[in-house]
Amino acid sequence: MQPRRPLQRTLRNAGFVCAMALTAGTSLAVSAPVVPARPWMNAALSPDQRADALVKAMTQDEKFRLIRTEYGAIFNGQPKPAGSKDVAGYIPALPRLGLPAIHETDAGQGVARPAAFGDGDTALPAGLAAAASFDPPLARDGGVMIGREAHRMGFSVLLAGGVDLARDPRNGRNFEYAGEDPLLAGTIVGAAIRGIQSQHVVSTVKHYALNDLETGRNTLSANIGHTAARESDLLAFEIAIADGQPGAVMCSYNRVNSVYACENDWLLNQVLKRDWKYPGFVMSDWGAVHSAAQSALAGLDQESAGERFDKEVYFDQPLRGAVARGEVPQARIDDMVHRVLRAFFAVGAFEHPAAEAPIDYAADARVSQRAAEAGMVLLRNEQGALPLDKDSGAVAIIGSHADVGVTTGGGSSAVKPRGGSPVTGVEPSTWPGPKMYQRSSPMQAIGQRNGGKVAYAGGEDIAAAAKLAAQSKVAIVFAEQWVAESMDVPTMRLPGNQDALIAAVAKANPHTIVVLETNGPVQMPWLDQVQGVVEAWYPGAAGGEAIARVLFGEVEPSARLPLTWPKDESQLPRPTIPGAGLAAIGMPPQGQPQQDIDYDIEGADVGYRWFQKKHLQPLFPFGYGLGYTTFRYGAPTVHTSRGQVTATVRVSNTGKRTGVAVPQLYVTPPGADTRRLAGWQRVTLAPGQSREVTIAASPVRLASWDPTSHGWQRAAGSYRFELGASATDIAGKVETTLPAAHCTLAACTPTTP
Ligand code: BGC
């Protein structure tokens, strides 16, 4: 452990001297309140009062120091700023005011920039796994874990909270996000943010907004009508922000309806700050700023690492000039600073400054393992192939370096494994790589359960792998898809020879299981030939152990797909992505081929709603996932009380094992042609057990965005409520007439008494 920084020590003890209470008999001269030296350190004041007090005490130079960060790591051979912790964003301390340095680090799956600390950190599974758990408290636990690690390394900001919707399975960053449904994604990400911030670390929510593809991300315009945006991507942000209260919103690289997100008045001033009353600050993505006055006036509060990634540092001399010329009012600068400061006050960062402290990595790995187990989706299980038995016989482990580790994604969010990647010498070795594996061996974990009867074949030599499979009782093929920030994948096919490998192994051994470690949906031309398929996503620091526990039934598969699994690209709103596979930055070949993307093709009908609208059958629907037992759903009923609609359904475990049902409530408002997820529950049931499950409908999922009143309005009429095990497996439905109402995230209020 390194010694605590002197500044932080000063801050702990510093600060305010509380006004002493006047007591009877004491003379005024003795007991007059001591004027606080630093009134903003009075934790009894609200974050806004404290920020006001501090802004008042600041010079213009100090204010300008808080509205831009510097890149805090070595860049193209140039040194990092003195005092920075090898981070993505850094602001030096302001000792005169008792302000500690600000160190910002990536990202949502764990602390991604630990170089200053030598070894790696604990990686959670992919964001899609968190979403697949349909379990907000578990997502919160993950947030607590990574927030605590960040705090104990001295980082004050985690660049987490990715909640862009999965509109396309080829998006290279889907693994950082939480799927295609705004209610599920917003709820899961909001819970994770809340967990992070409980550790006195500010979290972002990102990338605001519609950064739903990486191809051409620095220039493309995501075009979409305002109402459709409000009911899809922006709703995910609205929910995540309301639930998580992140200190910062990171605006994205792309343009939205032709205007760059970080200088987009509609996105920042109107939607975020006016309609959602967001009190925190907007920070730019790295290289996403294109102007000074325009950005500041549109609502951007802090420029990130502009000296490295923008054409110039806009939020220094250019913005000072704009203020001097009267183009930007001084009040706006004060507002920017206020917003930055209140974010740190709100999480208690001044009372509990981030400081180096020991980390219990073993305990943190257990948190990651629980998240991985709860996030794995059992997609196929023919003839009871799973769970495996310890006496199932020799198991062939094939492909994806499953002898030593599990796959990860690349880019800024990549968490370096503790002990380093167990696989070296694989491409790419530079940004958005290096391609890394988490050090948790599925083969070892499986071997520990079946008496060591495991053997490994790499999979490059298909004949050798098939031979090993033929000699084994069970073959498990690990199939991987490495993707990374800054690029999309051109197709949904598994890369390399993996389709052929799986087909050959399945031919050699009918008892073949495929474990996918992918960014999400891939084509499965071999699906009918294999007995089992498990989607493990990128399963994180303890992924190997988690996979083995699910395969052997030590833990019940309980996750459900947080996104639709198309058969192939032809079913997507955009069958091709022009230029997909070209990197926006970094790895050659580079390119910016796509300039505009029309999201009005599907509008708010993202994912399962698109499939319903177009009468398409996916390979697996949203919300789908098997367990090792079976459930029966009774007929649902719907009740309305004080503006809140709830549905009740009896769920019974009809199988022989304890399992987890995830009943899902969908609603179709009058006149709509697609259903929307309105709520869900997770319920654990023993064999033969049945239970009444009550699910509250999200008020805004019953409503539509009304651009005239700037609010969510529920029309009077007949609403169809459906309860089921997925977006297409509907067990029962009920129609209810509801009156017109004005709705918020929390409740609906009828507009006519
Ligand atoms: C990514 C952000 C990340 C930032 C800082 C950008 O390239 O888009 O998600 O937080 O870099 O590393």
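The model is predicted: local features need pLDDT of at least 70, side-chain atom pairs count only at pLDDT 80 or more, and totals for chains, interfaces and linings use all residues. Residues are numbered from 1 along each chain as its sequence is written, and side-chain values use heavy atoms, with hydrogens and water left out.

## Exercise 1: the second largest cavity

Task: describe the lining of the second largest cavity by residue, element and class.

Solution. Start with the terms. On a 1 Å grid over the protein atoms alone, a cavity is a set of points where a 1.4 Å probe fits but cannot get out; lining residues have an atom within 4 Å of a point. Grid points are joined across faces, edges and corners, and a volume is the space filled by probe spheres set on the points.

Step 1. The lining has 22 residues, and P100, A101, I102, S156 and F344 lie nearest the centre.

Step 2. Assign elements. Helices (H or I, at least four residues) and strands (E, at least two) are DSSP runs, numbered from the N terminus. β3 (102-105) and α14 each supply at least two lining residues. α14 gives the most, with three residues.

Step 3. Sort by class. Ala, Val, Leu, Ile, Met, Phe, Trp, Tyr, Cys and Pro count as nonpolar; Asp, Glu, Lys and Arg as charged; the others, Gly among them, as polar. The lining of this cavity has 16 nonpolar, five polar and one charged residues.

## Exercise 2: the largest cavity

Task: find how many cavities of 30 Å³ or more the whole structure holds, then describe the largest cavity.

Solution. Step 1. The search finds seven.

Step 1. The largest cavity has a volume of about 280 Å³. Its lining counts 25 residues, with G108, L124, G127, A130 and A192 nearest the centre.

Step 2. α5 (127-132), α6 (136-151) and α7 are the elements that give two or more residues to this lining.

Step 3. By class, the lining of the largest cavity divides into 16 nonpolar, eight polar and one charged.

## Exercise 3: the second largest pocket

Task: state which elements line the second largest pocket, and which gives the largest share.

Solution. Step 1. A pocket is an open set of grid points with protein on both sides within 12 Å along at least five of seven lines. The second largest pocket has a volume of about 610 Å³.

Step 1. It is lined by 30 residues; E238, I241, A242, W276 and K277 lie nearest its centre.

Step 2. At least two residues each come from α7 (182-197), α9 (233-244), α14 (330-346), β29 (711-714) and β32 (741-743). The largest share, four residues, is from α9.

Step 3. The classes are 13 nonpolar, 10 polar and seven charged.

## Exercise 4: two partners of α19

Solution. Step 1. Axes are lines fitted to C-alpha atoms, for helices over the stretch in contact, and angles run from 0 to 180 degrees between N-to-C directions. Angles under 35 degrees count as roughly parallel, over 145 as roughly antiparallel, 65 to 115 as roughly perpendicular and the rest as oblique. A crossing is left-handed if the near helix is turned anticlockwise from the far one by less than a right angle, and right-handed if clockwise. Contact means heavy atoms within 4.5 Å.

Step 1. The axes of α15 (residues 361-375) and α19 (residues 543-551) come within 9 Å and cross at roughly 45°. Q369, A372 and E373 of α15 meet E545, A546, R549 and V550 of α19. This contact has three nonpolar, one polar and three charged residues.

Step 2. For α16 (residues 442-449) and α19, the axes come within 7 Å and cross at roughly 40°. α16 passes α19 in a right-handed crossing. The contact residues include P442, A445 and I446 of α16 and G544, E545 and I547 of α19. By class, the contact of α16 with α19 divides into six nonpolar, two polar and three charged.

## Exercise 5: α6 against α15

Task: find how α6 and α15 are oriented to each other.

Solution. Step 1. The axes come within 10 Å and cross at roughly 150°. α6 and α15 are therefore roughly antiparallel.

Step 1. The crossing of α6 and α15 is left-handed.
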